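Visitor: I would like to learn how to read this model, one feature at a time. Where do we begin?

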Amino acid sequence: MTRGTGTGGVVTERSTVEARRVAEAVLDPELPILTLADLGVLRDVRTEGGGTVVVEITPTYSGCPAMGVMRAELRAALRSAGFERVDVRTVLSPPWSTDWISPAGRRKLAEAGIAPPGRAPSRPAGPVPLTLTPSRRTAACPLCGSRDTEEVSEFGATPCTALRRCRVCQEPFEHVKEI
């Protein structure tokens with residue numbers, strides 16, 4: 001185990017535990033009420049030969065526009081904490097699932113007025129079948145708790161969310177789509 005930073009950017013005595021603590025505190029750029037750890041996209045933090053901190057993240061879906069910002073924010077946070085050599089890697093398998101959102105992350109979403117996702121649909125291994133029919137998602141209103149809600153738009157502020165409206169309290173809200 002290493003602790004402290006030596007000369008030339010080589011980590012001489014900095015622990016993987018400290019690097020993980022720093023990486024876990026980085027906020028998601030699209031849902032800044034959540035950390036990357038809350039969202040479940042932070043897969044691994046470790047040190048490799050010569051003291052390089054390696055961080056592995058998984059996008060919420062292929063083509064996620066926030067990945068570049070996530071990588072930059074992780075590098076900046078770790079460098080600010082004294083880790084000069086940082087390698088952020090993208091891991092695509094297994095693919096991210098909304099089931100990876102932590103209980104704390106789900107609570108934070110609900111407290112911010114965003115309906116957390118339900119259980120992700122189970123699918124057999126292999127290609128994902130293409131369906132042209134509308135999705136049949138449901139979500140409880142995070143404001144009043146009613147399940148009598150309707151989808152207003154398939155996409156909310158981010159591609160990972162849908163815009164819904166509660167038929168009881170009439171308030172609009174976002175819902176993180178199950179993936």
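Guide: Helices (H or I, at least four residues) and strands (E, at least two) are DSSP runs, numbered from the N terminus. The protein has four helices and seven strands. This is a predicted model, where local features need pLDDT of at least 70, side-chain atom pairs count only at pLDDT 80 or more, and totals for chains, interfaces and linings use all residues. Residues are numbered from 1 along each chain as its sequence is written, and side-chain values use heavy atoms, with hydrogens and water left out.

Visitor: In what order do the elements of the protein run from the N terminus on?

Guide: The order is α-α-β-β-α-β-α-β-β-β-β. The C-alpha trace spans about 60 × 35 × 25 Å along its principal axes.

Visitor: How do I read a sheet?

Guide: Start from pairing: two strands pair if DSSP finds at least two bridges between them. Here, three strands form an open sheet in the order β1-β2-β3, with mixed pairing. β1 (42–48) and β3 (86–90) are at the edges with a single partner strand each, so one side of each has no neighbour in the sheet. On average, neighbouring strands of this sheet are turned by 20° against each other, direction ignored.

Visitor: How many bridges join β1 to β2?

Guide: Six bridges join them, and the two strands run antiparallel. β2 covers residues 52–57. Leucine 42 stands opposite isoleucine 57 in β2.

Visitor: Which helices lie across these strands?

Guide: Two terms come up here. Contact means heavy atoms within 4.5 Å. Axes are lines fitted to C-alpha atoms, for helices over the stretch in contact, and angles run from 0 to 180 degrees between N-to-C directions. Helix α1 (residues 16–24) lies across β1 and β2, at about 145° to β1. Helix α3 (residues 67–80) lies across β2 and β3, at about 155° to β3.

Visitor: How do contacts read for the whole protein?

Guide: Take the contacts with a separation of 6 or more: residues 24 or more positions apart account for 50% of them.

Visitor: Is threonine 98 buried or exposed?

Guide: Buried means under 20% relative accessible area, exposed over 50%, partly exposed in between (1.4 Å probe, protein chains only). Threonine 98 has a relative accessible area of 0%, so the residue is buried. Its place is in the loop between β3 and α4 (103–111). Beyond its neighbours within four places in sequence, threonine 98 contacts residues including Arg106, Pro117, Val176 and Ile179. Of the 179 residues of the protein, 38% count as buried.

Visitor: Which backbone values deserve a look?

Guide: The peptide bond from serine 93 to proline 94 is cis, with omega near -5°. Proline 94 lies in the loop between β3 and α4. Glutamine 170 has phi near 70°, a positive value in a residue other than glycine. Glutamine 170 sits in the loop between β6 (161–166) and β7 (172–176). With a relative accessible area of 46%, glutamine 170 is partly exposed.

Visitor: How do I read a cavity?

Guide: On a 1 Å grid over the protein atoms alone, a cavity is a set of points where a 1.4 Å probe fits but cannot get out; lining residues have an atom within 4 Å of a point. Grid points are joined across faces, edges and corners, and a volume is the space filled by probe spheres set on the points. The count here is one cavity of 30 Å³ or more. The largest cavity has a volume of about 80 Å³.

Visitor: Which residues line the largest cavity?

Guide: Among them are Asp28, Glu30, Thr60, Met70, Trp96 and Val176.

Key. 1 Å grid on protein atoms, 1.4 Å probe; cavity = no way out; pocket = protein on both sides within 12 Å on 5 of 7 lines; lining within 4 Å.
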